[in-house]
Amino acid sequence: MKQLICFLLFVFMCLFSFAQDEYIIPLDDISYRMAEELFLEAGWVPPLNQKPIIAARLKEQLGLLIDKGDLSAENIQAAKDLQKSLDKAMSPLTPILETAAWGQYSNKTDVKHEIYDGDTIPGMFVDYLSVYEVDDIPPLLKAGFMTQLNGFSVMFMPQLGPTLSTRMMDNAYFNYPRNPLKPDSFDLELKNIDNGMPYKGIATFFGYPVEFRIGRDKLQLGPALWSGMTLTQHMPFYDYAKAALYSEQISYSLYFIRLNPTISIAEGEKLDEYKENGAVLNPETYYYFVGQSYNERAKHLVVGSTDFTFFPFLHFELNQMDLISGRQPQLPDFNPFIVFHNLFMEGSYSVPFSFSITYTPLKGVKIFGEYYQYDMQSDEEPDVNLHPTALAYQAGFTLLSSPYFALGPGRFRLDGEFTHVDPWTYNLFHSYRKMTSRFIYVENYVGRLWIDFPIGYYLGPDCEDFHIALSYGIPGDWEAELGWNLSAIGEINLFGWGDNSQYAHIGDPGLEAKLKAPSGTVFWTNAFSLSGYKFLTPHLKLSSWLDLEHVVNRHNRLDDNHFFVSLGASVEWCLN
């Protein structure tokens with residue numbers, strides 16, 4: 001009898017539905033693009049610098065746009081329709097089900113690029129740049145649940161998909177689990193499921209003007225189109241908590257992110273050496289910190305983000321970061337009324353900051369810029385030769401044709417973005433000082449894969465990157481896009497020169513040349529892409545793509561040049 005009652009209660013919770021909007025909109029949801037263009041149609045800066053966003057929050061912003069924005073009757077109706085679409089029919093316990101059939105042929109070889117750092121670890125380091133090449137392969141199945149009640153929301157989404165090594169085989173054909181040691185075999189290998197999941201599970205509370213959130217999900221901070229410089233959306237996920245206080249003109253958000261403190265044997269020995277002899281070996285550890293700097297294996301990041309929108313057409317964002325390592329976080333690390341740079345507490349930490357401006361001078365026109373300061377060295381500081389200045393900056397634009405002319409059923413959109421990152425940005429000096437997050441994938445066939453991802457710009461340090469894309473279509477229905485990307489990546493990566501001896505190189509001849517990005521043997525990528533999608537129904541999406549890449553000095557290996565072709569298609573379906 002108890003079993004029957006529990007079963008009937010479960011069925012009731014799944015079938016009884018009502019409109020809810022406290023859920024988090026996934027980072028890749030088309031609603032963001034649709035909302036962005038509606039704000040640009042009115043000449044307003046889109047309030048989308050911090051994603052993902054709770055649906056109720058985006059609905060409030062759309063309400064302000066409808067009430068106060070200079071929109072046509074057609075766009076007012078489009079904004080109301082988007083608001084309505086964000087109200088999902090939810091039961092007290094709503095099942096989540098998504099599936100994707102994905103297939104691609106590519107002639108890429110040597111995709112898995114191992115990094116040797118003179119270490120003995122149970123596995124191997126894999127270049128994060130290689131992971132990006134397969135990062136957009138969707139899992140075969142996502143299944144979970146969502147529940148919402150009185151401002152609270154809980155979402156949990158495990159997934160069934162191929163392991164990282166399977167996705168990184170020479171030719172990634174399909175998105176189901178296979179044996180990575182048999183690239184020519186298409187047999188299903190259920191024991192090779194990606195057991196790093198779930199990659200998404202989060203609990204939230206939203207009741208204007210406050211928001212609280214805790215869980216695991218992707219994040220993006222900043223106005224960037226392709227990758228943020230403060231928190232990049234290309235990270236597999238962040239384990240984080242967020243607290244926010246909103247108003248029309250000034251909002252503040254505080255993020256607390258846990259980063260994996262696992263280190264290799266060689267890294268541990270180096271940190272222990274610094275701990276015991278810090279005053280001699282580590283230029284950042286003064287005598288009164290000896291024996292205190294790395295007592296604990298811990299690594300966390302606190303980000304305080306303040307948004308200023310005094311005018312609808314102008315937006316400022318100020319972010320300060322506190323990377324706390326070698327000790328557990330303490331109360332001052334969360335204080336929004338202090339400057340993190342001036343904490344000067346025990347342990348090891350980095351304190352970058354970033355500042356961005358977004359401006360809409362005309363309807364359908366958006367320009368933005370962001371400045372990121374990782375380390376600034378003045379001539380008056382005693383260890384000037386040990387701290388090369390490390391900065392990054394970014395500028396971009398979006399242009400829409402719809403406010404000025406109409407051609408056919410769709411609209412034209414042109415996006416562009418340029419990014420420069422100095423060689424020593426994100427990567428000074430050792431694992432607990434670097435703005436990185438370490439992921440360890442454990443697989444049945446190949447063991448452990450260690451990957452360090454930059455928390456900031458997705459290409460990491462020592463690079464220049466230019467993107468431009470022209471698209472035509474109706475967002476949320478269909479679009480076609482032609483894109484071009486030119487990137488230049490220097491020799492200095494997240495591991496410095498790759499040998500964990502950054503200090504030893506400080507006095508090298510020719511250091512000045514290696515302080516200008518891109519340095520040394522440059523890894524060039526010149527890529528063209530043609531892609532498109534069509535929503536056959538609100539829950540069924542068809543996509544296809546063609547990528548052409550000319551690569552010079554791949555992974556900074558001189559004369560390792562290639563021409564790659566990738567051709568693929570996917571069908572994605574979701575239950576709600």
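Predicted model: local features only at pLDDT ≥ 70, side-chain atom pairs only at ≥ 80, totals over all residues.

Me: Why is Tyr240 called buried?

Reply: Tyr240 has a relative accessible area of 3%, and the cut-off is under 20%, so Tyr240 counts as buried.

Me: What makes Tyr240 and Tyr255 a tilted aromatic pair?

Reply: Ring centres have to lie within 6.5 Å, and these two are 6.4 Å apart, centre to centre. Planes under 30 degrees apart would be stacked and over 60 edge-to-face; here the angle is 40°, so the pair is tilted. Tyr240 lies in strand β13 and Tyr255 in strand β14, so the pair ties together parts 15 residues apart in sequence.

Me: What makes Arg216 sit over the face of Phe237?

Reply: The CZ of an Arg must be within 6 Å of the ring centre and within 35 degrees of the ring normal. Arg216 lies over the face at 3.9 Å from the ring centre. Phe237 itself is buried, with a relative accessible area of 10%.

Me: How do you know that the span of helix α4 agrees with what it should be?

Reply: At 1.5 Å a residue, its 14 residues should span 20 Å, and the end C-alpha atoms are 20 Å apart. The buried residues of α4 are Asn75, Ala79, Leu82, Gln83 and Leu86. They cover an arc of only 100° around the axis, which puts them on the same side of α4. Ala73, Glu74 and Lys84 are exposed on the other side.

Notes: Residues numbered from 1 in each chain as written. Heavy atoms only, no water. Helix = DSSP H or I, 4+ residues; strand = E, 2+ residues; numbered from the N terminus. Expected span 1.5 Å × (residues − 1). Buried < 20%, exposed > 50% of the residue type's maximum accessible area, 1.4 Å probe, protein only. Arc of directions from axis to C-beta. Phe/Tyr/Trp six-rings, centres within 6.5 Å; stacked < 30°, edge-to-face > 60°.
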